[in-house]
Amino acid sequence: MSILQMGRRPLFIIFVIMAICGLWLIRHLSKIKKGIDNISQRTYTQLSEKGIFSEIYGALNKMDKEIRNSDKIQKETERVRSEWITNITHDLKTPLSPIKGYAELLTSNAEIDKATMQEYGGIILKNVNHTEKLINDLKLTYQLDSGSMPFNPQSVKLVRYMKELVIDIVNDPTFKDRNIVFESNAQDIEICIDADLFRRAMNNLIINALTHNPPETKVTISVDINSEKEACIYISDNGSGMSEEEQSELFNRYYRGTNTKEKPEGSGLGLAIAKQIITLHNGDIIVKSKLDEGTQFAVVFPLESK
């Protein structure tokens, strides 16, 4: 065998090895490309995370799982959103019917005595107020989402602030016969809040406890400082309670809940708005509830919150 032939053999072997490696690499790259295409088309099948490309296959598997979860959440959100829009449309139409009906009676040629006129006017006013509340809830939700809501925090004494808020609710004729109690184990807690906006959140939580429980339910509002030096507001009741499913969906603005017998005309936005406002104040809201035992909302935020 000549020296030339001996020199060609290693070159041939190297060429063969390079060709095999190239084909092997092309096969895996094609596999990765196909996987990416399948992920985008939602037809991806999990790849075995073995070999030198195991990390890439693992990343593809993870990406597919996250995209599928995202698709599932988006689909569920759209479904609930659609149901919520249907409910809101129905809720807006509901008060408009009596407004139109009694307005037509008032403008008819038939003679109407003063007492009947006042009765009809009261019904119209009640339904106008309800419609206005629904529209305001929708407007506030949009403002909080878009960050266009005016936010003017100022220092207030929390105990006094909450006590006055509870007194206003107690003096509301709607709740005159309800068992509402205010307690405080702390004094002179100063916090920085937007007083009007925070009142809206607290009113939503307290009124929620009153309207979605039997009339004999006791609702207790208390203020304290916990072991971590955080200001705490507790709204507790011994009413109907909630299931774990209801608790998990409670602050979803598209969720209407199941316990709406006491106040079926609600917009389903009250608790979602309350959470948004509390979050805006760098706080947190925690719910604990058991069926037939009652519910407690805990609003917690650091005293240095601005």
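Tutor: Arginine 199 counts as partly exposed, at 25% relative accessibility. The model is a predicted one, and the values below are computed from it. The side chain of arginine 199 meets that of aspartate 168 in a salt bridge, with 3.2 Å from N to O. Because arginine 199 belongs to helix α5 and aspartate 168 to helix α4, this pair ties together parts that are 31 residues apart in sequence. Aspartate 168 is itself partly exposed, with a relative accessibility of 44%.

Arginine 200 forms a salt bridge with aspartate 137, and the closest N and O atoms are 2.3 Å apart. Here helix α5 is tied to helix α3 (residues 114-146), since arginine 200 lies in the former and aspartate 137 in the latter, so that parts 63 residues apart in sequence are joined. The two partners can be set side by side: arginine 200 is partly exposed at 26% relative accessibility, whereas aspartate 137 is buried, with a relative accessible area of 2%. Through salt bridges that share partners, Lys133, Asp137 and Arg200 are joined into one network. Over the whole structure, a search finds seven salt bridges.

Helix α5 spans residues 195-211 and includes threonine 211. Threonine 211 is buried, because its relative accessible area of 12% is under the 20% limit. A polar atom of the threonine 211 side chain lies 2.8 Å from the backbone oxygen of isoleucine 207.

Helix α4, the partner of helix α5 through aspartate 168, also holds a salt bridge between the side chains of arginine 160 and glutamate 164, at 3.2 Å from N to O. These two residues both lie in helix α4, four residues apart, about one turn of the helix. Arginine 160 is exposed at 57% relative accessibility, while glutamate 164 is partly exposed at 38%.

From here the account turns to the sheet. Its five strands form an open sheet with mixed pairing, in the order β2-β4-β5-β7-β6. Strands β2 (179-184) and β6 (284-290) stand at the edges with a single partner strand each, so one side of each lacks a neighbour in the sheet. From one strand to the next, the twist averages 15°. Helix α4 (residues 158-170) packs on this sheet, where it touches β2, β4 (218-225), β5 and β7, and its direction makes about 170° with that of β2. Strands β5 (residues 230-237) and β7 (residues 294-302) pair in the antiparallel sense over eight bridges, and cysteine 232 stands opposite valine 300 in β7.

Conventions: Residues are numbered from 1 along each chain as its sequence is written. This is a predicted model: local features need pLDDT of at least 70, side-chain atom pairs count only at pLDDT 80 or more; totals for chains, interfaces and linings use all residues. Side-chain values use heavy atoms; hydrogens and water are left out. Two strands pair if DSSP finds at least two bridges between them. Axes are lines fitted to C-alpha atoms, for helices over the stretch in contact, and angles run from 0 to 180 degrees between N-to-C directions. Contact means heavy atoms within 4.5 Å. Buried means under 20% relative accessible area, exposed over 50%, partly exposed in between (1.4 Å probe, protein chains only). A polar contact is a pair of N or O atoms within 3.5 Å; within protein, one must be able to donate a hydrogen and the other to accept it, and residues adjacent in sequence count only if both atoms are side-chain atoms. A salt bridge is a side-chain nitrogen of Lys or Arg within 4 Å of a carboxyl oxygen of Asp or Glu.
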